[in-house]
Amino acid sequence: MEFWHLSWQLYFILFTAMVFAPSVAGTAAYLYNNRLLKPVLWWVIACTVAFLWTSWWISNNNIAVSGNKMMVRAGFYQTVINDYAMASRDIEIRSKDELGEFKPNVAVDGIDLPEYKVGWYLLENRKLAFVMLIGKSDEVSVVDTPGMTAIVSGNIRNAKIVSIN
């Protein structure tokens, strides 16, 4: 069961930045010099392929459990929670509006777009955490262990988590 739905706004931003803007620049270059048609067409094809690859990559979000480890992958970012057996008992399910000290504050190494916050963030409590807030989920799972904190969209207790043996 997939419970992370990417919004159309994210794809629109990516398309505008990766395909539309380079295409407009290429068209302007072609109008300036007609001999640039072939390079401009290859440029547009390359930008379109890069957009499709990036769209697939950011849609590749999953959680997998292997023994005592939980692997969280969100687009370009991933982390491993080593003491998952201890954390699974203490997973807190909170409302997205009531994260309190676990609210992502500053993106240290992450992507901060509307309905797509993934990567490493400093939380309100000044602790570094892995964040995977994707879509319009009202519930957020907080996995807090002594070695790692992860904030994940949805209720991961009720989600179908892939088990790797």
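Let's start at Trp8, which is exposed, with a relative accessible area of 62%. Trp8 sits in helix H1, and this is a predicted model. From there, the tour below moves along the helix, across to a charged patch, and then inside to the nonpolar cores.

- Ala17 counts as exposed because its relative accessibility is 54%, and the cut-off for exposed is over 50%.
- Ala17 and Phe51 are 34 residues apart in sequence, while their C-alpha atoms are 9.0 Å apart in space.

**A negative patch on the surface**
- Asp97, Glu98, Asp138 and Glu139 together form a negative surface patch.
- One of these residues, Asp138, lies in the loop that links strand E7 (128-134) and strand E8 (139-144).
- Asp138 is exposed, at 62% relative accessibility.

**The nonpolar cores**
- The largest nonpolar core has 24 residues, and the members touching the most others are Ile63, Met70, Tyr116, Val118, Met132, Val143 and Ile156.
- At least two residues of this core come from each of helix H1 (8-32), helix H2 (37-58), strand E1 (61-66), strand E2 (69-74), strand E3 (77-81), strand E6 (116-123), strand E7 and strand E9 (149-153).
- Another core, of ten residues, lies apart from the largest one, and its members include Tyr121, Val131, Leu133 and Ile151.

Terms used
Residues are numbered from 1 along each chain as its sequence is written. This is a predicted model: local features need pLDDT of at least 70, side-chain atom pairs count only at pLDDT 80 or more; totals for chains, interfaces and linings use all residues. Side-chain values use heavy atoms; hydrogens and water are left out. Patches are made of residues with over 30% relative accessible area and no salt bridge: like charges are joined within 9 Å, nonpolar side chains (Val, Leu, Ile, Met, Phe, Trp, Tyr) within 5 Å. Accessible areas come from the Shrake-Rupley method with a 1.4 Å probe; for residues, only the protein chains shown count as cover. A salt bridge is a side-chain nitrogen of Lys or Arg within 4 Å of a carboxyl oxygen of Asp or Glu. Lys and Arg count as positive and Asp and Glu as negative; His and the chain ends are not counted. The place of a charge is taken as NZ of Lys, CZ of Arg, CG of Asp or CD of Glu. Helices (H or I, at least four residues) and strands (E, at least two) are DSSP runs, numbered from the N terminus. Buried means under 20% relative accessible area, exposed over 50%, partly exposed in between (1.4 Å probe, protein chains only). A nonpolar core is a set of buried Ala, Val, Leu, Ile, Met, Phe, Trp, Tyr and Cys residues joined through side-chain atoms within 4.5 Å.
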